[in-house]
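Here are my notes on this one, written as numbered points you can follow with the structure open beside you. Take them one at a time and find each spot as you go.

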Amino acid sequence: MRRSAGLRGQPTRSRSGERQRKLPKSSEPARFARLPLNAVRVFEAVAARGTFSAAADALHVTTAAVSMQIKSLEDYLQVRLFRRNARAVQLTADGQLLLPFVRRGLDELELGFRAVKSGRSSGAVVVSTLASYLQRWLLPRIDAFRAAYAQIDLQFRTSTALVDFAREDVHVAIRFGRGAWPRLHTEKILDEWLVPVCTPALLERHGRLSGPGDTGDYPLVHSTTEPWSFWLTNEFATGVGEDFWPDAGTAFDDSATVLRAAEQGQGLVLTRWSLAAAAIGTGQLVMAYEYAMPFAFGYYFVCPEAYLSLAKIAKFREWLTAEAARSPKPPERPVVAARGDRQ
């Protein structure tokens, strides 16, 4: 007589004789199997494009297939998601309620897929950052990273735009700001200061500045990213300044370019310490005021939380943090305690 199968969860033997354990039955697979996941993707496409035909073109299916998927989702939810008319569709109140949940869910799925695809310990780390930070601060340090992690390639994409990690093939963003990027791992790696700089020859000709607000007789080179209004209004701590093109004088919309103009002796420049520190260290540039002014913004390491567990991302983060900790700090104006305060 054939032996009956063991009790649920007890070991049994396969035909090959290997011992197996039967898994307890669960309703979870069935529950997820009922979710109309394909219809959810179609729903987002229709909501984004406003017509069934445009969504069909984007998904490379027929308009009838899109209509069928939307109907299946509405049947599943027992609500209407769209109001149809001759030319377009509009979300109902229920559709508007559902849409942000669907988009967050699809984004999380896409991040999960990218994390698995990127999960090898070797291979490229794709980094999005500012061009000025890359050229002036990070680029001179890349050889040190290559020496330590020869198996990891770094690929850089320069941009001032925020990264949509769910839709862009980017692992890490190094961003300049206050650190307010929700639903992402955000870690400050480098403080920042603003300093007025020029060539030694210009300093000898025009002398040192007395402090914020003073520009002396210097020819000013303007930047839309670090405008002179920060210096003139002493608004370093808030980062509030007038970002505009000046009526007169040479102006640039790129921090690295304006610093290069200073190195060529074109005038006095207000710039970030992180960008100018190397040139100041070699004597190519000098500070026209003896102290650097702490700035409201800093540099942040930004990525999805799931990416932190990837070995190559962890190594790049650890290296970058160590390099930032070793980078030189500027002289800051000492804080004078008020009378009666503890010394």
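What share of the contacts in the protein chain with a separation of 6 or more comes from residues 24 or more positions apart?

1. **The whole chain.** The answer is 72%. Keep in mind as you read that this is a predicted model. The protein chain has 343 residues, and 42% of them count as buried. Its secondary structure comes to 12 helices and 15 strands.

2. Look for the open sheet of 5 strands, whose order is 6-5-7-15-8 and whose pairing is mixed. Which strands stand at the edges? They are strand 6 (152–158) and strand 8 (185–190); each has a single partner strand, so one side of each has no neighbour in the sheet. On average, neighbouring strands here are turned by 25 degrees against each other, direction ignored.

3. **Strand 7 and its partners.** With strand 5 (residues 123–129), strand 7 (residues 172–177) runs parallel, and 3 bridges join the two. One place to check is Val127, whose bridge partner in strand 7 is Val172. With strand 15, strand 7 pairs in the antiparallel sense, over 5 bridges. Here Ile174 stands opposite Phe301 of strand 15.

4. **Is strand 7 covered or open?** Strand 7 is mostly covered, with 6 of its 6 residues buried. In a regular strand, side chains alternate between the two faces of the sheet.

5. Helix 6 (residues 131–138) is mostly covered, as 6 of its 8 residues are buried. Those buried residues are Ser132, Tyr133, Leu134, Arg136, Trp137 and Leu138. Trp137 comes up again in the next point.

6. **Glu323.** Glu323 sits in helix 12 (residues 311–326). Is Glu323 buried or exposed? Its relative accessible area is 11%, and buried means under 20%, so Glu323 counts as buried. Leaving aside neighbours within four places in sequence, Glu323 is in contact with Trp137 and Arg141.

7. **Two helices that cross.** Two packed helices are described by the angle between their axes and the distance between the axes. For helix 3 (residues 52–59) and helix 4 (residues 63–77), the axes come within 8 Å and cross at roughly 105 degrees. The two helices are therefore roughly perpendicular to each other. Phe52, Ser53, Ala55 and Ala56 of helix 3 make the contact with Thr63, Val66, Ser67 and Ile70 of helix 4. By class, that contact has 5 nonpolar, 3 polar and no charged residues.

8. **The buried side of helix 3.** Phe52, Ala55, Ala56 and Leu59 are the buried residues to look at in helix 3. Why do they end up on the same side of helix 3? They cover an arc of only 105 degrees around the axis. The general idea is that an α-helix has 3.6 residues a turn, so residues three or four places apart point the same way. What covers the buried residues of helix 3 includes helix 2 (37–49), helix 4, strand 3 (82–84) and strand 4 (89–91).

9. **Some positive phi values.** Most residues other than glycine have a negative phi. Gln78 is not a glycine either, and has a positive phi of about 60 degrees. You will find Gln78 in the loop between helix 4 and strand 3, and with a relative accessible area of 66% Gln78 is exposed. Arg183 has a positive phi too, near 65 degrees. Arg183 lies in the loop between strand 7 and strand 8 and counts as exposed at 57% relative accessibility.

10. **A buried loop residue.** Where is Pro227? Look in the loop between strand 10 (220–223) and helix 9 (229–233). Pro227 is buried, with a relative accessible area of 6%. Thr271 is 44 residues away along the chain, and the C-alpha atoms of Pro227 and Thr271 are separated by 8.7 Å.

Methods
Residues are numbered from 1 along each chain as its sequence is written. This is a predicted model: local features need pLDDT of at least 70, side-chain atom pairs count only at pLDDT 80 or more; totals for chains, interfaces and linings use all residues. Side-chain values use heavy atoms; hydrogens and water are left out. Helices (H or I, at least four residues) and strands (E, at least two) are DSSP runs, numbered from the N terminus. Buried means under 20% relative accessible area, exposed over 50%, partly exposed in between (1.4 Å probe, protein chains only). Contact means heavy atoms within 4.5 Å. Two strands pair if DSSP finds at least two bridges between them. Axes are lines fitted to C-alpha atoms, for helices over the stretch in contact, and angles run from 0 to 180 degrees between N-to-C directions. Angles under 35 degrees count as roughly parallel, over 145 as roughly antiparallel, 65 to 115 as roughly perpendicular and the rest as oblique. Ala, Val, Leu, Ile, Met, Phe, Trp, Tyr, Cys and Pro count as nonpolar, Asp, Glu, Lys and Arg as charged, and the others, Gly among them, as polar. The arc is that of the directions from the helix axis to the C-beta atoms.
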